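Morning, everyone. Please look at the structure on the screen, and I'll walk you through it.

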Amino acid sequence: MTLIEALARYWGYTSFRPLQREAMEAVLSGRDSLLVLPTGGGKSLCFQAPAMVKPGLAIVVSPLISLMKDQVDTLVGNGVPAALYNSAQTGEEKASVAAGLREGRYRLLYVSPERLAGEGSDGFLSLVAARSVSFVAVDEAHCISHWGHDFRPEYRQLGRLRQVLAGASLHAYTATATARVRRDIVEQLALDRPLELVGSFDRPNLLYRVLPRGVLKQQLLDVLGRHRGEAGIVYCTSRREVDALAAWLTSLGTPALPYHAGLSDVERHRNQDAFLSERIDIVVATVAFGMGIDRSDVRFVVHAGSPRSLEHYQQESGRAGRDGLEAECVLIASSADFMKWRLMLEQSGELTEATVAMLRQMERYATAVGCRHRHLAGHFGDEYQAPGASGCAACDVCLGELETPAEPVVLARKILSCVARVGQRFGAAHVTSVLRGHASEQVVARGHDALSTFGLLTTSSVAEVRGYIEQLIGLGLLRQAGDQYPVLALTAGGLALLKDERACPGLTLARQRTPDTSAPRTRSRAEAESWEGVDHTLFERLRAVRLAIARARGVPPYVIFHDATLREMARRRPASLGELLEVRGVGTRKAQDLGEAFLAEIRGPA
Ligand code: ADP
Ligand code: ZN
């Protein structure tokens, strides 16, 4: 069997995604390799398909038991003989897998790292060493590096594999790897002259938006309003906020479950499971929620507070749209987030040059007003090629949702001078009141309603002025000082601009364009394309069929079919098994097993 035959037969795919062929061929030829592709890029297939082509047993190291289970369920559903072996199994289950191994029943075996290299791994190793192991795939390989975002000490042991399974080639896979993490992976796993394949980091199907934090709840409702009935994740930086927002959303009739490290294992597991099985569509979470979230139809990820690095942001926002369909990633950030992180890093003794630099880069993203795709690609060392003249067509900047005021220098100087007038002793809220000419109690008490800067920006909204202040902080013209009650102060750069209006050539500020509620909302290119010709109601009906089957079988719906496959069915309306097989994502086994149920729904009531 060739690779392309395996793809068609077991997965129902007819072509390779970028770098998939190269990665699979490295496996077949037994050359060590490292593949870096963004989430949703199709890494799993790069070790799964060769496992069906190359004789012997392929071993997959995966850090999360829940993830393993889903992958194995999916594989088995596709007719691929796969099994898993981990500490969560009962003695009986393990014995059954061991027997299957001895009989050579499997082509793929998923194991946790400690099974393979930790204490007590000897028994297991002698079990697999007796088989001919064709290759070992290490998934989420960045877990091996301190420089990644998810270090796992167990991964460090994997270097031993080289000695134990001398004949097998080693292959590493990850979605996030800066050059430093890549080097770490190669060294720690002792990869032998590996073929390194690094894909483009850009995710064209993701629509990025950045909002300065204003009235958070309203901002959240705006996003949710665009995604009725769809799956999404809201990330918060504190457990308290997670609980509060989850309860609030639920009270509004938008059921949401919380997820954070403060919940018991049972609750966490239950909530995650509810999300994966589509019993609930929204999870409000801290970063504790993530790895192992294989639900591929996540249509939006909102950050109600900034993460601590762009690596984290990329990882977390990247959980949206894994099925390749359009999805939205919204970052709602304020300078308070960054102060909070600095404080937390300080308290935990992690405030190093590296973490400060990473935080600073995150802050720059949150306040910049250029194309988001270009910004992210640039950070990860990619040269970004915009697909069209109007830019990426998938970010707030390129979609024209931001306006740039005509005289940014004048505007900046108004704000800077107000900060100076109040003696650099007040926070953003107070400065905003003064600028807007709002004679609040506090403003009047300080006599700030008599300042020359009082009312300089009367026509601007609070959110707008706050947004400018955030941008000036991001540009390094203002800074915040003091932890408990941060006050705004001028930096040397800010002072220079106050003295000389030519001090910052090319200065740009931006504000959110007031949404025109009568206009149709802007859609990204990906969204327009992926819905083209799709019968929406049929798509929803097919989702219901999928859900019913998934419930009956006790597996998450995406294990049955991905949304992308259902949309294609709702576009092509196959009338026979033969036509159904032409739909991407429908393999032979699935067509036989599930085809009739979906064909019947497409045919409609007789
Ligand atoms: P990753 O592990 O890189 O995050 P996955 O392996 O989960 O990505 O793949 C993401 C999605 O893309 C899955 O739905 C998968 O079935 C699909 N996919 C992968 N390779 C192909 C391909 N060659 N053609 C069509 N769909 C693919
Ligand atoms: Zn853009």
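**The zinc site**

In this predicted model, the zinc ion (ligand 2) is held by C371 (SG), C392 (SG), C395 (SG) and C398 (SG), at 2.3 to 2.4 Å. Donors here are N, O and S atoms within 2.8 Å of the metal (3.2 Å for Na, K and Ca); water is not among the atoms, so sites may look incomplete. What is the geometry of the site? Tetrahedral, with angles of 105 to 120° among the 4 donor atoms.

Now the domains. An automatic or database assignment gives domain 1 (3-198), domain 2 (206-403), domain 3 (408-509) and domain 4 (531-603). The C-alpha centres of domain 1 and domain 2 are 29 Å apart. Between them, 17 residues of domain 1 contact 13 residues of domain 2, with heavy atoms within 4.5 Å. How many salt bridges cross that interface? The rule finds 0, asking for a Lys or Arg side-chain nitrogen within 4 Å of an Asp or Glu carboxyl oxygen.

A word on conventions. Residues are numbered from 1 along each chain as written, while chains are lettered from A and ligands numbered from 1 in written order. Local features need pLDDT of at least 70, side-chain atom pairs count only at pLDDT 80 or more, totals for chains, interfaces and linings use all residues, and side-chain values use heavy atoms, without hydrogens and water.

Notes:
Tetrahedral: all angles 85-135°; square planar, octahedral: opposite > 155°, others 65-115°.
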